[in-house]
Amino acid sequence: MSAWPRSQELFRRAQRVTPGGVNSPARAFGAVGGHPLFIARGEGPFLYDVDGHRYLDYVLSWGPMILGHAHPEVLEAIREAASRGTSYGAPTEAEITLAELIIEAFPSIEKVRLVNSGTEATLSALRLARGYTGRDKIVKFAGNYHGHVDSLLVAAGSSAATLGVPTSPGVTAGTAQDTIVLPYNDTAAVEEVFRTQGEEIAAVIVEPIAGNMGCVPGSAEFLRTLREKTREYGALLIFDEVMTGFRVAYGGAQELLGIRPDLTTLGKIIGGGLPVGAYGGPAAIMDHILPVGKVFQAGTLSGNPLATAAGITTLRILRETNPYPQLAARTQQLAEGLLQAAASACVPCQVAFVPGMLTIFFSERPVTDWETAAACDTKRFAQFFWRMMERGIYLPCSQYEAMFLSVLHSEELIEQTIAAARLALAGL
């Protein structure tokens, strides 16, 4: 008999009314088998499913719940904002306050435009880059995910630099033809594409710390080359920090790595768990957006009062408490514990991590790009996933997603996770 009968029942019901029974494919458990668990509530570092089980949560809504679920101050800010109305379609002071907090945290940003999702942020940033430069081509990297933007749903060819081909029905070849896909962390490929096509490239978009092929940091040489080549050829460098902004450091990956991009896309944490996104950069670039410039972008719900209230409260708490040294220490504690547990079980694995993010890769060699990530033992990961779930540890349901820690993942909870991993890895 299933340990999750209510979740099974709800999944069957969902499949009758929703494609695949989920509203985002990342939730479908397709990579690990079985059915998704339906969540009843979250509290602190824990999730509770509809069958009454409690889990230590390492998904955290795919990153934004850095303060934990249902943080009292964030909830109070949402309640107070909701009492005044949920949407106006007009400017509010809270939009300005959230923008000021973002600009204060990111020296590369002088002006910022709020949107409703990370996908919308990257789509808008790319349109702005093309409008600003007057060029068409975009460079992205295999294994980097920037939302379901048509021009970015492309895969790499066999050579170092190829024009993208669509990887989703509904994305036309014409839409994808101006997207160039390169291997991540491949400095030589970057230099070659700029040597041959540099005058046609509007922008390079990159996750400076990738999170959608698992946690894979960009190397210092790779990111430095991106900055140098875009500057040399007049292209824009876009850092997709939808996942890393305010998570790996208050000023995001660019603070951690010491590289300043031209445009930055943000999401996740800046809404305190509510739907929000943003893109920003120097005023000279951002002022090309309507109504000042001619690049079109609009949204009725942009700067929604509930999302801005939650975001302002979250960012102020992060600024005032500076949890990042603690997050870094806890992440390292977990990474080292997982490696030791795997070694004791004679299971080959790699653990890549940055403050607040990590991934255990079932591989004998380090993971530095999509090719090495794709070579991991996904069947072994699926076994590990369900064994951890049975022990009350909620992990991302794919080898190619990152784990996240909140400020409430204490040293004791990390040790409990490592103990569960020792049992889960035994026999794998």
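The legends below describe close-up views of a predicted model. Residues are numbered from 1 along each chain as its sequence is written, and side-chain values use heavy atoms, with hydrogens and water left out. Because the model is predicted, local features need pLDDT of at least 70 and side-chain atom pairs count only at pLDDT 80 or more, whereas totals for chains, interfaces and linings use all residues.

View 1. Helix H10 covers residues 305-321, where helices are DSSP runs (H or I) of at least four residues and strands are DSSP runs (E) of at least two, numbered from the N terminus. At the N-terminal end, Asn304 caps H10, with a side-chain oxygen 2.9 Å from the backbone nitrogen of Leu306. After H10 comes Asn322, whose phi is positive, near 45°.

**View 2. The open sheet of four strands.** The strands are arranged in the order E1-E2-E3-E18, with mixed pairing, and two strands pair if DSSP finds at least two bridges between them. The edge strands, each pairing on one side only, are E1 (39-43) and E18 (393-394).

View 3. E1 and E2 pair in the antiparallel sense over four bridges, and Arg41 has Tyr48 in E2 as its bridge partner. Two residues lie between the strands in this hairpin, where Gly44 takes a positive phi near 60°. E2 (residues 46-49) also pairs with E3 (residues 54-57), in the antiparallel sense over three bridges, and the bridge partner of Leu47 in E3 is Tyr55.

**View 4. The largest cavity.** A cavity is a set of points on a 1 Å grid over the protein atoms alone where a 1.4 Å probe fits but cannot get out, and its lining residues have an atom within 4 Å of a point. The structure holds one cavity of 30 Å³ or more, and the largest cavity contains about 40 Å³ of space. Among the residues that line the largest cavity are Leu358, Phe381, Pro396 and Glu401. Strand E17 (residues 357-361) gives the largest share of this lining, three residues.

How values were computed: Expected span 1.5 Å × (residues − 1). Polar contact = N/O pair within 3.5 Å; in protein donor to acceptor, adjacent residues only side chain to side chain. 1 Å grid on protein atoms, 1.4 Å probe; cavity = no way out; pocket = protein on both sides within 12 Å on 5 of 7 lines; lining within 4 Å. Points joined across faces, edges and corners; volume = space filled by probe spheres on them.
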